[in-house]
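Thanks for coming, everyone. Let me put the model on the screen, and we'll walk through it.

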Amino acid sequence: MTEERDQAKEKIHELEEGDPPEKLEDWPDDDAKYETYGGPEGEHSYDEGPESKLGPSSVRHHEDGEVSVEGEKVENPEDFKGDPIPGGPTDPDAPAA
């Protein structure tokens, strides 16, 4: 079981060295999906580790749709929003429930 876990950690480490996948289906679906991207908490800050490739830590998305960076609201919140998850609640092509 240790060998499988080592392989899963190596796969996530390779993702950290490159660019993280943009689509959910491109992320690992084997044992690597249970490994934490960036490693266990406490080893480094968000801005110092591979998580920084996911975007700045100072971006905040508010319930009213506004987005702020370092406490300042941005003029165009759409610049900080990703594509909707296919079939998710913000997907305009998702069937009505």
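Glutamate 16 sits in helix α1. Helices here are DSSP runs of H or I with at least four residues, strands are runs of E with at least two, and both are numbered from the N terminus. Buried or exposed, this glutamate 16? Glutamate 16 is buried, at a relative accessible area of 14%. The cut-offs: buried is under 20% relative accessible area, exposed is over 50%, partly exposed is in between, with a 1.4 Å probe and protein chains only. Now look along the chain. Lysine 53 is 37 residues apart from glutamate 16, yet their C-alpha atoms are separated by 8.5 Å.

A word on the source. This is a predicted model, where local features need pLDDT of at least 70, side-chain atom pairs count only at pLDDT 80 or more, and totals for chains, interfaces and linings use all residues. Residues are numbered from 1 along each chain as its sequence is written, and side-chain values use heavy atoms, with hydrogens and water left out.

Next, the charged pairs. How many salt bridges does the structure hold? It holds 3. The criterion is a side-chain nitrogen of Lys or Arg within 4 Å of a carboxyl oxygen of Asp or Glu.

Start with arginine 5 and glutamate 35. They form a salt bridge, with the closest N and O atoms 3.4 Å apart. Why does this pair tie parts together? Arginine 5 lies in helix α1 and glutamate 35 in the loop between α1 and β1, so the pair ties together parts that are 30 residues apart in sequence. Helix α1 covers residues 2-17. Arginine 5 is partly exposed, at 49% relative accessibility.

The two side chains also make a polar contact of 3.4 Å. That term means a pair of N or O atoms within 3.5 Å; within protein, one must be able to donate a hydrogen and the other to accept it, and residues adjacent in sequence count only if both atoms are side-chain atoms. What else does glutamate 35 touch? Leaving out residues up to four places away in sequence, its contacts are Arg5, Ala8, Lys9 and Ile12. Contact means heavy atoms within 4.5 Å.

Next pair: lysine 11 and aspartate 30. Their side chains meet in a salt bridge at 2.5 Å, N to O. This pair links distant parts of the chain, 19 residues apart: lysine 11 is in helix α1, aspartate 30 in the loop between α1 and β1. Lysine 11 is partly exposed at 34% relative accessibility. Aspartate 30 is partly exposed too, at 32%.

Then lysine 81 and glutamate 78. Their salt bridge has its closest N and O atoms 3.8 Å apart. Lysine 81 is partly exposed at 38%, while glutamate 78 counts as exposed at 54%.

On to the sheet. It is open, has 3 strands in the order β1-β2-β3, and pairs antiparallel. Two strands pair if DSSP finds at least two bridges between them. The edge strands are β1 (59-61) and β3 (72-73), each pairing on one side only. Strand β2, residues 67-69, pairs with β3 over 2 bridges. Which residue in β3 is the bridge partner of serine 68? Lysine 73.

Last stop: glutamate 70, in the loop between β2 and β3. Most residues other than glycine have a negative phi. Glutamate 70 is not a glycine, but has a positive phi of about 55°. Glutamate 70 is also exposed, at 68% relative accessibility.
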